[in-house]
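Let's take a friendly walk around the annotated spots of one protein model. Have a look at the sequence and the structure first.

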Amino acid sequence: MRLAADLKAFEGRIGHSFHTPDLLVRAVTHASLSSQTRPDNQRLEFLGDRVLGLVMAEALLGADEAASEGQLAPRFNAMVRKETCADVARAIGLGEVMKLGRSEMLSGGRRKEALLGDAMEALIAAVYLDGGFDAARAMVLRLWSDRIGTVDHDARDPKTALQEWAQARGMTPPAYTQTGRTGPDHQPIFTVEVTLDNGARETACAGSKRIAEQQAARALLARLEQET
């Protein structure tokens, strides 16, 4: 099988030339376009998630030999979560070569966080199956290198950090409420408010409720830490 020109150019962006081009095609094929003769990337996504985890655990251990497990775990989570995978996917133009069904194309699938993150994991698996673990590790380290070097010393999810702050002061966990939604169905903007027992609150807007909650938690935690 010969790759189309856009996928050949994509190989150059990721730094891996496929011996089995079918693997790359499968990695960029969403379930909305799958058929009996055209498998989608869901099984590859499952494998790629595990390969990414092993590469990242090894890389973070090597990057900070003095870090404890408690410090490494949130850094690991920050590196492998779907949002980070989607950010890497955007950086290499993965959305531009994804193969989507008509409904997903019309609903902005090439920009969707979940689809990009899943396809990034599938791509890692495709490289692993095509070239082995060393090839997959080399690609991941190239694409994640800046993030590994700059991951926060305390990389806890902001929602977790805010909950720990509240519990340490005898409060119940923070409450998150969606207070608004704007934009078209295929590209909504959610507004979320987070509130603590003491009345402290912050709001944030983002393209997903999860990200809006994280941003609201981060903003509130930063304000609380400044006030104490």
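Is Glu121 buried or exposed? With a relative accessible area of 4%, Glu121 is buried, because buried means under 20% relative accessible area, exposed over 50% and partly exposed in between, using a 1.4 Å probe and protein chains only.

## About the model

This is a predicted model, in which local features need pLDDT of at least 70 and side-chain atom pairs count only at pLDDT 80 or more, while totals for chains, interfaces and linings use all residues. Residues are numbered from 1 along each chain as its sequence is written, and side-chain values use heavy atoms, leaving out hydrogens and water.

## The active site annotation

In an unreviewed entry, UniProt gives the annotation "active site" to Asp49 and Glu121. These two are spread over 73 residues of sequence, yet they cluster in space, with a largest C-alpha distance of 5.5 Å. UniProt positions follow the numbering used here, feature names are shortened, and annotations may be inferred rather than shown by experiment.

Asp49 belongs to helix 3 (residues 42-63), and Glu121 to helix 8 (residues 113-131). Helices here are DSSP runs of H or I with at least four residues, numbered from the N terminus. Asp49 counts as partly exposed, because its relative accessibility is 29%.

## The binding site annotation

Which residues does UniProt list for "binding site"? The unreviewed entry names Glu45, Asp118 and Glu121. They span 77 residues in sequence, but no two of their C-alpha atoms are more than 5.8 Å apart, so they gather at one spot. Asp118 is located in helix 8.

## Who touches whom

A contact means heavy atoms within 4.5 Å. Setting aside residues up to four places away in sequence, Glu121 touches several residues, including Glu45, Asp49 and Lys82. With neighbours within four places left out too, Asp118 is in contact with Glu45 and Lys82.

Lys82 also takes part in polar contacts: its side chain is joined to that of Asp118 at 2.5 Å and to that of Glu121 at 3.3 Å. A polar contact is a pair of N or O atoms within 3.5 Å; within protein, one must be able to donate a hydrogen and the other to accept it, and residues adjacent in sequence count only if both atoms are side-chain atoms.

Definitions and conventions. Helices (H or I, at least four residues) and strands (E, at least two) are DSSP runs, numbered from the N terminus.
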